[in-house]
Amino acid sequence: VERCRGVLRPYRRGREAATMTAHSPDAPPGDDDPRSEGYGYGGRIASFRANEFARIDDSGVAYCDHAGAPPHSESLVRESLRMMERTLLGNPHSAHDAGARTKALVDEARDATLTHLNAPFGEYAVVFTSGATGAMRLLAEAFPWSAGGSEFAYTRGNHTSVVGARGCAMAAGAKVSVVDVVATDSASSIGRGESKLLHDDAAAAERGWRVTRSHEIVPETADGVHRDRTHARASDEPGAYPSTNGADAVSHSLFAYSAECNLSGERRPPTVARAFVNGERGAGGSDKGATTRWWTVCDAAKACALAPPDLSAEDAPDFVLVSYYKIFGHPVGVGALVARRRALEVLTPRYFGGGVAAGVDACEDFFVRRNGAEGFEDGTLPFTAIAAIPAGFRSLARLAEDPPARDGDRGGDEKSAPGD
């Protein structure tokens with residue numbers, strides 16, 4: 001239902017309008033009206049709406065699709081435009097001052113991303129992509145699947161972009177499994193399938209989980225899925241990588257889970273991945289001596305704004321999928337694959353484009369890929385969009401600041417709690 005100038009009307013013809021209560025723009029605002037001076041955090045919500053999101057009220061709609069795309073703040077756009085007006089940008093791969101200045105802005109965006117995720121210094125890298133979908137595709141296409149040894153396991157409730165990685169896994173002959181997650185405490189367990197969300201994230205992180213395979217995804221025919229291969233033949237795959245002791249070959253498998261479901265809002269802590277991987281490793285909980293090395297990927301596109309994964313935690317994922325417009329609304333078309341540096345080392349992209357080559361010969365089979373994140377970023381990055389990312393995190397920090405204390409709410413120099 002769309003509200004325009006206080007009049008309810010169905011957003012689509014032929015559909016009966018739902019019954020709802022709308023505040024008339026001519027009526028004086030009450031205590032429950034967002035236009036009231038005292039509404040929420042001492043009036044800060046009303047101030048945010050007026051200063052950062054006035055277009056929502058101007059358009060006369062109640063915007064509720066933050067899961068699809070949260071509105072960007074006006075200060076974020078203004079700051080980004082001022083930067084572009086006053087800064088000469090250039091190709092970050094070019095060896096001149098404008099290119100160096102742009103590369104510094106790109107590096108600042110990488111650092112801001114790692115800071116938001118609380119990543120330990122030097123342990124993770126940020127590979128810019130076209131979005132969270134592009135990040136998952138890069139991971140799926142570059143992952144060292146091996147026939148008969150690798151497995152791609154994912155929980156129910158994952159985004160289509162995560163489920164789609166199974167095409168690459170099956171094309172390489174890897175096993176694909178759907179996983180059920182069930183809370184082990186009887187009070188909140190709902191049996192088979194996804195367990196209910198605990199609203200207390202701290203309690204959810206410490207509870208017990210039973211993570212088991214539900215069923216295996218099997219190609220319909222030998223010709224069906226495998227005919228249109230996105231990888232080379234299984235026999236041509238990079239396959240197993242040598243283990244640390246050099247005695248046996250170690251295959252690589254991938255477990256995927258969503259930090260927050262885009263549809264239902266259910267959240268999953270990284271302990272879910274740990275429960276599954278430890279179960280695969282056995283009682284020892286270690287990869288030492290195992291024939292399969294498990295890696296974990298967390299789809300944090302939906303969760304990154306309010307509940308980003310903590311990469312300093314013991315059970316932090318190896319890979320994280322990020323979409324920046326999902327965090328602060330702007331810029332669109334930029335995401336990232338945040339990965340442990342040692343995890344990046346096992347990825348083997350087949351294609352290489354401008355920007356990733358440290359050396360290449362057009363007449364010989366010679367190519368050397370750049371080290372680190374830049375070795376996975378084909379072509380010229382969308383640097384004008386990436387340059388807006390630090391401003392996006394600054395705008396998010398402003399919105400998340402503690403509210404000012406009202407008269408009578410403070411004693412001495414103590415601040416009132418946000419919920420008071």
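Predicted model: local features only at pLDDT ≥ 70, side-chain atom pairs only at ≥ 80, totals over all residues.
## Basis

Local features need pLDDT of at least 70 and side-chain atom pairs pLDDT 80 or more, while totals for chains, interfaces and linings use all residues. Numbering starts from 1 along each chain as its sequence is written, and side-chain values use heavy atoms, without hydrogens and water.

## Second largest pocket

The second largest pocket has a volume of about 460 Å³. A pocket is an open set of points on a 1 Å grid over the protein atoms alone, where a 1.4 Å probe fits, with protein on both sides within 12 Å along at least five of seven lines; lining residues have an atom within 4 Å of a point. The volume is the space filled by probe spheres set on the points, which are joined across faces, edges and corners.

Its lining has 20 residues; Gly134, Leu138, Glu141, Phe376 and Asp378 lie nearest the centre. Strand 3 (124-129) and helix 5 (132-142) each give two or more residues to this lining. Helix 5 gives the largest share, five residues. Helices are DSSP runs of H or I, at least four residues; strands are runs of E, at least two; both are numbered from the N terminus.

## Glu260

Glu260 sits in the loop between strand 8 (249-258) and helix 10 (271-281). Glu260 is buried, at 8% relative accessible area (buried is under 20%, exposed over 50%, partly exposed in between; 1.4 Å probe, protein chains only).

## Gly157

Gly157 lies in the loop between strand 4 (151-155) and helix 6 (160-163). Gly157 is partly exposed, at 43%.
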